[in-house]
Amino acid sequence: LIAVVLLTAWVRLWVQAGKATELAQALMLAVLTAGLLTAGGIVLQILGWQEFLSPWLRKSASFPRHGSFMSQPNLAASLMVCALVCLMFWHPTPVDKAAPPARWRLVTMAFLLLAITGTSSRTGYLEVLALGLLLLVMRKRLAISWVWVAVPLWLLVAIGLGEILSSQNLVSAQMVGDSAQAVTQSSAHRLRIWQDIGRMVQSAPWWGVGWHRLQVSEVLMPGVDDPVDHAHNLFLQIQVELGVLGSLGLMVFLGHVLFKVRPWQTRHSHQVVMLGVAMVLGMHSMLEYPLWHAMFLFLFGFAMALL
């Protein structure tokens, strides 16, 4: 956390020096590169060629869902969705507008979308849908092409293509029917987690159980059969560990950022990218805990400081 605070302070120095756009473009390139490397790993796993990069890349533990080098499909999907929004705004012409859908950008988008389908990440699918809505809202202001706005539609095409290839045993990926069944199972498991968290909140509503004390407290709580180390929801995590005061602090922080930045008024393309990145990681944080991974925490800190 101290490192993130120092990072955001360093980023703000760049912003105050009038170099926000240059720093944002560098960050976009880094995220796009990381997303493409992740997508490449997933494609190798889909084709069963992961042994070429062994021991760095192995058969996914969640096979037939693939997680690339991170070994976690949802994290891989979120990174690639962040890469998608960076692709659309990296070095645009004219400046402070969306980039036109050049051929290489379209090929890159198709590659990322196919890799996202390889994760079978329902979280990733929701993030792509939210990205399409964000682009629709900002379309006229930043001259965003309908090709970019239609990214949820292109994702559906990629899912359909993946379904055909999987049915012919040309690739190894989770079928839509199996994915729907997995949604039911994972949703039931997450609901059980949240019910247990509700008990913990009731036991210590004001001060919480203490920072990093969730799993220990659940072990000691009668009636909790499956102790977890995270609530799989950022707001619940803050509430259960830091209590009402922690939740109020988080809400005040988010409200301050929202009304200071006023994203509905922004006309800078790099701010839309950072808003998209923060939105993706924020959505993921409602279902899992990406911000408990240093890479995503630093990326979120970068995005918030550049808003």
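My entries follow, beginning with the ground rules.

**Ground rules.** I'm working on a predicted model, where local features need pLDDT of at least 70 and side-chain atom pairs count only at pLDDT 80 or more, while totals for chains, interfaces and linings use all residues. Residues are numbered from 1 along each chain as its sequence is written, and side-chain values use heavy atoms, with hydrogens and water left out.

I looked up the largest pocket and got about 1500 Å³ of space. My notes on the term: on a 1 Å grid over the protein atoms alone, a pocket is an open set of points where a 1.4 Å probe fits, with protein on both sides within 12 Å along at least five of seven lines, and lining residues have an atom within 4 Å of a point. Grid points are joined across faces, edges and corners, and the volume is the space filled by probe spheres set on them.

Next I checked which helices do the lining. At least two residues each come from α1 (2–16), α5 (122–142), α10 (234–261), α11 (269–285) and α12 (294–306). Helices here are DSSP runs (H or I, at least four residues), numbered from the N terminus. α10 gives the largest share of the lining, 14 residues.

By class, I noted 31 nonpolar, nine polar and two charged residues in the lining. For the classes, Ala, Val, Leu, Ile, Met, Phe, Trp, Tyr, Cys and Pro count as nonpolar, Asp, Glu, Lys and Arg as charged, and the others, Gly among them, as polar.

**α11 and its partners.** α11 and α12 pack at about 140°, with axes 8 Å apart (axes are lines fitted to C-alpha atoms over the stretch in contact, and angles run from 0 to 180 degrees between N-to-C directions). That makes α11 oblique to α12; the cut-offs are under 35 degrees for roughly parallel, over 145 for roughly antiparallel, 65 to 115 for roughly perpendicular, and oblique for the rest.

The crossing of α11 and α12 is left-handed, meaning the near helix is turned anticlockwise from the far one by less than a right angle, with clockwise giving right-handed. For contacts (heavy atoms within 4.5 Å), I have His270, Gln271, Met274, Val277, Ala278 and Leu281 of α11 against Phe296, Leu299, Phe300, Ala303, Met304 and Leu306 of α12. That contact has ten nonpolar, two polar and no charged residues.

Then α3 (residues 73–89), which packs with α11 at about 165°, axes 9 Å apart. That makes α3 roughly antiparallel to α11. α3 passes α11 in a right-handed crossing. Among the contact residues I listed Ser78, Val81, Cys82 and Val85 of α3, and Val273, Val277 and Val280 of α11.

**α4 and α7.** How do these cross, right-handed or left-handed? Right-handed, I find, at roughly 60° and with axes coming within 9 Å. α4 and α7 are therefore oblique to each other. Met109, Leu113, Leu114, Ile116 and Thr117 in α4 meet Val151, Trp154, Leu155, Ala158, Ile159 and Leu161 in α7. I count ten nonpolar, one polar and no charged residues by class here.

I found the Ser54 to Pro55 peptide bond cis, with omega near 10°, and Pro55 sits in the loop between α2 (20–47) and α3. A cis bond also joins Thr93 and Pro94, omega about 0°, and Pro94 lies in the loop between α3 and α4 (103–119).

Ala143, not a glycine, has a positive phi near 55°, and is placed in the loop between α5 and α6 (146–149). For His232 I noted a positive phi of about 60°, in the loop between α9 (214–220) and α10.
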